[in-house]
Amino acid sequence: MYRIDFNKLRFLVCDDNPHMRRILRTLLHSFGAREVNEAEDGATALEMYTHFSPDIVITDWAMPIFDGLELAQMIRQPEAKGNPYAPIIMLTGHSEKRRVTVARDAGVTEFLAKPISAKGLYQRILNVVANPRPFIKTKTYFGPDRRRNTNTAYVGPERRVGGEAEIFQQPSLLDKARSVV
């Protein structure tokens with residue numbers, strides 16, 4: 001049996017609302033995290049991302065300069081500075097299916113609708129740490145596998161487009177964050 005030791009993980013929280021950043025920081029600290037860096041816009045977050053190397057990014061969708069969606073797309077560039085495999089949890093007050101799909105297609109790992117709860121945030125973090133999805137690279141996409149259930153024999157209308165896909169196993173955070181009970 002093991003549990004996640006949040007003290008071993010580095011977080012980057014990006015939200016233009018200082019109250020939301022404080023709520024997220026407080027929740028992360030209550031989970032046991034110590035390293036929580038904050039940014040108020042996408043540009044600052046990207047700069048912090050390249051220098052700070054967070055293990056997990058939590059970002060709002062709507063922000064000035066560039067939004068969380070653009071931030072996710074820049075992080076997912078394989079040739080960019082930093083770790084393109086870092087899990088990205090997207091927060092937003094707009095959770096329509098269309099937005100979830102757009103976020104998924106931008107390389108977002110998990111999606112969390114506002115208002116957030118401690119349980120919802122904890123579950124998303126636990127999911128990216130304990131159950132990392134493999135990364136896929138096609139001509140048109142690089143990011144976590146958008147399918148949670150992979151069936152290589154699938155031939156239906158939702159079949160992956162973009163040609164052949166390379167599959168990369170994401171470096172697991174579980175080994176880093178595991179704490180023996």
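## Close-up views of a predicted model

**View 1. Ala-43 in helix α2.** Ala-43 counts as partly exposed because its relative accessibility is 26%. The model shown here and in every other view is predicted. Ala-43 sits in helix α2, which covers residues 42-52. Beyond its neighbours within four places in sequence, Ala-43 is in contact with Ile-65 and Phe-66. Leu-71 lies 28 residues from Ala-43 along the chain, yet 7.8 Å separates their C-alpha atoms.

View 2. Five strands make up an open sheet with parallel pairing. Their order is β3-β2-β4-β5-β6. The edge strands are β3 (35-39) and β6 (110-113). Each has a single partner strand, so one side of each has no neighbour in the sheet. On average, neighbouring strands of this sheet are turned by 20° against each other, direction ignored.

**View 3. Strand β5 beside β6, with helix α1 on the sheet.** Strand β5 (residues 88-92) runs parallel to β6, and four bridges join the two. Across this pairing, Leu-91 stands opposite Leu-112 of β6. Helix α1 (residues 18-31) packs on the sheet. The helix touches β2 (10-14), β3, β4 (56-60) and β5. The directions of α1 and β3 make an angle of about 170°.

**View 4. The largest nonpolar core.** This core has 25 residues. Which of them touch the most other members? They are Phe-11, Leu-28, Ile-56, Ile-58, Leu-121, Ile-125 and Val-129. Two or more core residues come from each of β2, α1, β4, β5, α5 (118-130) and α6 (174-177). Helix α1 gives the largest share, five residues.

View 5. Neighbours within four places in sequence are left aside here. Ile-125 is then in contact with Phe-6, Phe-11, Leu-28, Phe-31, Ile-56, Ile-58 and Ile-89. A second core is separate and holds 20 residues. Among them are Tyr-49, Trp-61, Val-108 and Phe-111.

**View 6. The Arg-10 to Asp-55 salt bridge.** Side chains of opposite charge can pair when their charged atoms come close. The whole structure contains eight salt bridges. One of them joins Arg-10 to Asp-55, with the closest N and O atoms 3.9 Å apart. Arg-10 belongs to strand β2, and Asp-55 to the loop between α2 and β4, so the pair ties together parts 45 residues apart in sequence. Asp-55 is buried, because its relative accessible area is 9%.

**View 7. Lys-114 and Asp-15.** Lys-114 forms a salt bridge with Asp-15, and their closest N and O atoms are 3.2 Å apart. The pair links distant parts of the chain, 99 residues apart. Lys-114 is in the loop between β6 and α5, while Asp-15 is in the loop between β2 and α1. At 25% relative accessibility, Lys-114 is partly exposed. Asp-15 is buried, with a relative accessible area of 1%.

View 8. Asp-60 is buried, at a relative accessible area of 6%. Through shared partners, salt bridges join Asp-15, Asp-60 and Lys-114 into one network.

Terms used: Residues numbered from 1 in each chain as written. Predicted model: local features only at pLDDT ≥ 70, side-chain atom pairs only at ≥ 80, totals over all residues. Heavy atoms only, no water. Pairing = 2+ DSSP bridges. Axes fitted to C-alpha atoms, helices over the stretch in contact; angles between N-to-C directions. Contact = heavy atoms within 4.5 Å. Buried < 20%, exposed > 50% of the residue type's maximum accessible area, 1.4 Å probe, protein only. Core = buried A, V, L, I, M, F, W, Y, C linked by side-chain atoms within 4.5 Å. Salt bridge = Lys/Arg side-chain N within 4 Å of Asp/Glu carboxyl O.
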